[in-house]
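Open the model in your viewer and keep the selection tool at hand. We will go stop by stop, from pockets to single residues.

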Amino acid sequence: MGLYSEQVLPRIVNVACASKVVMSQRRRVCEGLAGEVVEIGFGSGLNVPFYPHAVTRVAAVEPADVGWKLGSKRRDATPIPIERSGLDGQSLPFPDDSFDAALSTWTMCTIPDIAAALRELRRVLKPGGVLHFVEHGLAPDEDVRRWQHRLEPINKRLLGGCHLTRPVVDLLTDAGFTLAELDVYYEKRSPKFLGANSLGVAQSR
Ligand SMILES: C[S@@+](CC[C@H](N)C(=O)[O-])C[C@H]1O[C@@H](n2cnc3c(N)ncnc32)[C@H](O)[C@@H]1O
């Protein structure tokens with residue numbers, strides 16, 4: 001990782017992903033989480049204030065040291081134990097069937113081998129375990145998709161490998177998840193190419 005992605009990008013994400021519009025989606029996606037949870041792409045812990053009391057422990061997986069440090073106040077403010085337990089969602093250091101639930105917010109766009117990361121999540125989730133997700137990806141409308149394909153190369157360069165055209169729902173179902181809840185929408189106050197969001201709960205079969 002270079003200086004920009006190591007030092008600058010985590011700070012940009014910490015501010016840009018804390019708007020009112022984004023925080024209300026964090027509240028929604030965290031609803032119903034319970035038990036032992038693995039969060040991939042933990043970032044600076046912007047979801048921590050929304051973990052329900054029913055969550056007993058969180059294993060945070062995050063490669064960026066700066067992101068982890070920026071989240072220290074949020075982690076200190078919750079009674080829920082949170083441990084940085086891994087650095088890469090593509091290779092999770094946990095035994096099979098370890099977690100009741102998983103959480104991923106705006107991370108599936110960035111992990112290089114997302115199919116591998118989803119395989120890993122299924123492996124470490126208990127049978128019937130759930131993945132709560134809110135992710136941006138391939139838009140439902142063709143004209144927006146055209147712009148996403150045009151802008152993806154520059155977006156990836158500027159935002160640490162962030163893809164615009166990943167088909168979130170297809171990736172989840174291809175990995176063996178079943179969609180229990182799904183809402184697809186354009187995020188308010190965001191350009192459509194960047195804010196084509198899917199929020200829901202996927203169950204591991
Ligand atoms: C757009 S940020 C979102 C951060 C956080 N989930 C949030 O909602 O604020 C994408 C995150 O994915 C992390 N990331 C990148 N590659 C990863 C990998 N291979 N495994 C896990 N996380 C990764 C980045 O460090 C960054 O924190």
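Start with the second largest pocket, which holds about 200 Å³ of space. One reminder as you look: this is a predicted model.

**Stop 1: the second largest pocket**

Select Leu-138, Pro-167, Val-168, Val-169 and Ser-198. Of the 14 residues that line the second largest pocket, these lie nearest its centre. Now colour α7 (168–174) and β7 (196–204), the elements that give two or more residues to this lining. What classes of residue does the lining of the second largest pocket have? Eight are nonpolar, three are polar and three are charged.

**Stop 2: the largest pocket**

Move on to the largest pocket, with a volume of about 1300 Å³. Its lining has 49 residues. Select Val-13, Cys-17, Trp-106, Cys-109 and Thr-110, which lie nearest the centre of the largest pocket. Then show α1 (3–16), α2 (20–30) and β1 (35–40), the elements that give two or more residues to the lining. Which element gives the most? The answer is α1, with six residues. Colour the lining of the largest pocket by class, and you get 24 nonpolar residues, 18 polar and seven charged.

**Stop 3: the whole protein**

Zoom out and switch to cartoon view. Count seven helices and seven strands. Trace the chain along the sequence and read off the pattern α-α-β-β-α-α-β-β-α-β-α-α-β-β. The radius of gyration is 16 Å, close to the 17 Å that the globule rule gives for 205 residues, so the protein is as compact as a globular protein of that length. Along its principal axes, the C-alpha trace spans about 45 × 35 × 30 Å.

The accessible surface comes to about 10000 Å², and 55% of it belongs to carbon and sulfur atoms. Buried residues make up 48% of the 205 residues. Now think about contacts with a separation of 6 or more: residues 24 or more positions apart account for 70% of them.

**Stop 4: helix α2**

Go back to α2. Select Val-21, Val-22, Met-23, Gln-25, Arg-26, Val-29 and Cys-30, which are buried in this helix. What do the buried residues of α2 pack against? Show α1, β4 (99–105), β5 (125–136), β6 (177–186) and β7 to see their partners. Step just past the end of α2 to Gly-32, which takes a positive phi of about 90 degrees.

**Stop 5: Ser-204**

Select Ser-204, in strand β7. Is Ser-204 buried or exposed? Its relative accessible area is 3%, so Ser-204 is buried, the cut-off being under 20%. Leave aside its neighbours within four places in sequence. Ser-204 is then in contact with Arg-122, Leu-125, Pro-127, Gly-128, Gly-129 and Phe-177.

**Stop 6: two loop residues**

Find Asp-97 in the loop between β3 (82–86) and β4. Its phi is near 55 degrees, a positive value in a residue other than glycine. Asp-97 is partly exposed, with a relative accessible area of 43%.

Finish at Arg-189, in the loop between β6 and β7. Arg-189 is also a residue other than glycine with a positive phi, near 60 degrees. Is Arg-189 buried or exposed? With a relative accessible area of 76%, Arg-189 is exposed.

Note on methods. Residues numbered from 1 in each chain as written. Predicted model: local features only at pLDDT ≥ 70, side-chain atom pairs only at ≥ 80, totals over all residues. Heavy atoms only, no water. 1 Å grid on protein atoms, 1.4 Å probe; cavity = no way out; pocket = protein on both sides within 12 Å on 5 of 7 lines; lining within 4 Å. Points joined across faces, edges and corners; volume = space filled by probe spheres on them. Helix = DSSP H or I, 4+ residues; strand = E, 2+ residues; numbered from the N terminus. Nonpolar A, V, L, I, M, F, W, Y, C, P; charged D, E, K, R; others polar. Rg over C-alpha atoms; globule rule 2.2 N^0.38 Å. Buried < 20%, exposed > 50% of the residue type's maximum accessible area, 1.4 Å probe, protein only. Contact = heavy atoms within 4.5 Å. Areas by Shrake-Rupley, 256 points an atom, 1.4 Å probe, with all protein chains shown as cover.
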